Amino acid sequence: MSESLVEEVLPLSPLQQGFLFHALYDAAGTDVYTMQFHVSLEGELDTARFKAAAEALIDRHANLRTGFMHEDLDDPVQVILKRVDLPWSEVDLSGLDEAVQQAELERLSEEDVVKRFDLTSPPLLRFTIVKLAATQWLLMMSNHHLLLDGWSIPLLVRELLKLYGAQGELPPVRPYRNFLAWLVSRDRDVAADAWRAALDGVVEPTLLASERAAREPVKPDIVTMELTEELTRSLHRTAGSRRLTVNTVVQGLWARLVGALTGQDDVVFGATVSGRPADLPDVESMIGLFINTVPVRVRMYPDEPLSKALRRLQDEQSKLIEFHYLGLAEIHRAAGTGHLFDSLVVFENYPLDVDAVTDAAAGTGLSVKKWHANGATHYPLTLAAFAERKFSVNFEFRPDVFERPFVEALAERLRGLVEDFTADPDRQVAGMRILGEGERDWLLTQGIGAHLDRDERTLPRVFEQQAMYTPDAIAVVGEDESLTFAELNARANKLAHRLIEAGAGPEKIVAFALPPEPDAIVALLGVLKSGAAYLPLDPAWPVDRIEGMLADAEPVALLTTRTSAPEVTGAPVILLDEPLDYPAGSPDVALSPEHPAYVIYTSGSTGRPKAVMVPHRAIVNLLTSHKNQLFDPAGGPLRIGHAWPIVFDASWQPMLWMFAGHELHLVPEKTRRDPDLLRRFLAEHRIEFIELSPSLLGEIVTAEDWRGDLKVLAVGGEGVPPQLWKFLREQEGLVTYNLYGPTEATVDSAACAVSWSDKPSIGRPVANAFMYVLDRHLNPVPAGVPGELYIGGAGLARGYLRRPRTTSSRFVADPFAGEPGARMYRTGDIARFTPEGFVDLLGRVDDQIKIRGFRIEPGEIENALLRHEKVERAAVVVREDTPGVRRLVAYLVAPGADPRQVRAFSSKSLPDYMVPSVCVLVDTFPLTHNGKLDISKLPVPELPVGSQPPRTAAEKELAEVFAEVLGLKTVGVHDDFFELGGDSLLSMRLIGKVRGRGMDLSPHDVFERPTVAELALKGGSR
């Protein structure tokens, strides 16, 4: 019977399991965990004796003869062989000139590091000796990270040199198996409880990357930040004065930076820890893989002194040291979270005994001139900190995820934080510098709209002067009636006198409930001329809603007609279809620009609508801005389509054109939401400008002749899908603007011509307005970084009617305006400045939803879906069609698309918890009365229930393994492995078992084909 070559079979450490997964995931790609170490030697070298020393080294350490097995096993194992052949190469470059030699050396190094190890065939290390000159040599040692960590490399090199020099008997080996035995002896339940407590309350991952990195490894690029010797000494001195380690300082400053760039005060990133337990004898001299990756959670409180925050961080991390052995996947499971971070901090402070290595070399007749290590991780961004004479940090990043300028900016921001810490370690956290020199001024400058002279007139005065200029021009056109400017002015004056008689005047309110006919414009203008503010109501609203608004606003009158009058009792009614025997001249009213012009109700977070009071000053400023930017360049007068409900503040967009002398055409109610009727209206009325919601416009543009006579087009009310934006940019001879603004900042706060940007943007502030993108501490955030959008300037509303507390919470002091009493409005919109100085909207602060413990912005998912070539429009909502089961559902207008393929497409750029459970194709989106998406009318999705049994022998085998690995009774052939609770480590277990059954599959296949049916088609049999 032949002797077994196997010496021992051992389990894997937690990080070995992780490395094995990444190595197996894409067996054809680059393995980023192939490490390479260079040692430059000088002196006479006997290569044969050196090879013998390397062979003796492998014989001496059992774990250097390890291979890794996983097929047909519940858990992977490492198998130690009794004997292995040493991979050894010798290359002579001594005859080459320096430049050629260096190029050839780089080629050899690159070829060696990209050459994959067969993990089942030890040893997983190889040696190359390169002769550079008669007495100059380079030892190039490559190994898989599964074998060794950075701490072990100098120990290995020292032993190699001692064996080469035959410098006496080496001390007995402390085997790696001792560490593995120590791991097995740990109480994992206690460790899980500790990590569960440490991560309790974490509600979202901390992700710097805007898109999820591909799972396939990519060779990293590097940016290095190096401190001066003086600053390095100051860093150590200041840290010591506060009883802090430099590692804690680095982690705390990185947390502050990451928090500022993600808008989070509770951040998580990864850290590589030594993993060498103090209670394991001689662990510091052991060779193997001891390190582990653990999450570091840092909570930053803005008013807390930095030194106190860092001390708290150090204390929290110290309590977790004894639990550093638990694997990251186990930590995630214990905490009930998924992927928590995409950045890793490695503090390279292992004890490198330079003297010991130098002494070992001296005994051989060789001298060590320098050494250099190459390594990488699969994380999009890794910070490797080196505590040397000049403290430095290598920012290793995936170039397919981050652009180099962004990482260079990160490095400089971290340098600035180090300088702040050394200058004043007790400053408040919120006061730490994030922006570079001049960056703050640039951001504030970009947020300033064009400066135009303020128009101090009120709206009645503006209209009256226009009526004097063009009395006989048509002002407004309805279905059955049109009015000239003079006629409209006269009728509005008569109504104003009647309203004044009823008690109207400045600081009073008059409501009206009217259909979109010229009477509505008469009512609006008549109320303004009376000095009162108008309150628009929709006659179709439920009576209770109207009654509630009337009770809250207390108007002196309600204007309506016999056919439109709601059955309410909250205000005296004045009927506009009755004769008004009052003077046609303008009433004499003491009206100022700060008096309210209108009061419009918006939805409230409490469920009770709140009324926004907008003064004449704000709407006249918008008229000034649009006249300069939109109206005058368009020429005119133009025929203007009015398709907004009068109860919506966007109705002012077309009405402002009328105040500037253009001809306003009112779109009938029945026409507004019918794309065919609206297209016909545009053609019959030869409309030259109209503003529509993107949802409605998306339906209009489906016909070839949709444009008619349009010269200028505006979109507003909601975000513009990228496909529609691209389509509008391609329309020759049509000027299109995206207009953005909350009611509290008067209709439009920003404007962006689609020609300015190749992707949706709200552009720049309107004239005399300010826009800031701030973090939660009211600090400007860098360009490209999300923050909350604040608006200031001449367009601000006065506040909420009779809601002083709500007003003060949303309209806050403007610290940047430089004027006493200046305010800015918190929009609740998430935005960012682009490098070009435009503002992009990303979602809503209060639009966030929670899935699997993580808060999610639907807009981000929608943008990912819209990148698919066949997806024209997308809407993502959370549904709970089964009680207690909340699912992300994506509704798509995507002719010819396969919804499952679209879902798979989105998974390439989204974390798994953000991938919709199901995509539903719809022909069109249902719209609300205001032309926005009506979520309540979206269809209930048909979800797979796992009832499809296996149909083939391959499916039967796979379904059994799925169920076994996932701990389920049965699995349907179309059920998704990851939706059923699978993760990367479980996918390895799955593949190990199915390979044992003869199927040639990989973890990569599970991610690409996560169902039994798909894997069965791929797997086949060997």
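A residue is called buried when its relative accessible area is under 20%, exposed when over 50%, and partly exposed in between (1.4 Å probe, protein chains only). Helices (H or I, at least four residues) and strands (E, at least two) are DSSP runs, numbered from the N terminus.

The structure is a predicted model, in which local features need pLDDT of at least 70 and side-chain atom pairs count only at pLDDT 80 or more, whereas totals for chains, interfaces and linings use all residues. Residues are numbered from 1 along each chain as its sequence is written, and side-chain values use heavy atoms, with hydrogens and water left out.

Helix 14 (residues 459-469) is mostly covered, as eight of its eleven residues are buried. Among them are Leu-459, Val-462, Phe-463 and Glu-464. With contact taken as heavy atoms within 4.5 Å, the buried residues of helix 14 pack against helix 15 (485-501), helix 16 (518-530), strand 21 (596-602), helix 18 (616-634) and helix 19 (652-659).

A nonpolar core is a set of buried Ala, Val, Leu, Ile, Met, Phe, Trp, Tyr and Cys residues joined through side-chain atoms within 4.5 Å. The largest such core has 136 residues, and Trp-254, Phe-395, Leu-488, Leu-559 and Trp-652 make the most contacts inside it. Helix 8 (residues 246-262) gives the most to this core, with ten residues. A second, separate core of 86 residues includes Leu-20, Tyr-176, Ala-194 and Leu-326.

**Two buried residues**

His-61 lies in the loop between helix 2 (47-60) and strand 3 (66-69). His-61 is buried because its relative accessible area is 4%. Beyond neighbours within four places in sequence, His-61 is in contact with Glu-159, Val-173 and Ile-287.

Val-273 belongs to strand 9 (residues 266-273) and counts as buried at 12% relative accessibility. Residues up to four places away in sequence aside, Val-273 touches Ile-291, Asn-292, Val-294 and His-324.

**Salt bridges**

The structure holds 60 salt bridges, each being a side-chain nitrogen of Lys or Arg within 4 Å of a carboxyl oxygen of Asp or Glu.

| Salt bridge | N to O distance |
|---|---|
| Glu-330 and Arg-188 | 3.0 Å |
| Glu-439 and Arg-413 | 2.8 Å |
| Arg-873 and Glu-699 | 2.7 Å |

The pair of Arg-873 in strand 38 (residues 873-882) and Glu-699 in helix 22 (residues 694-700) links distant parts of the chain, 174 residues apart. Arg-873 is buried, with a relative accessible area of 8%, and Glu-699 is buried at 17%.
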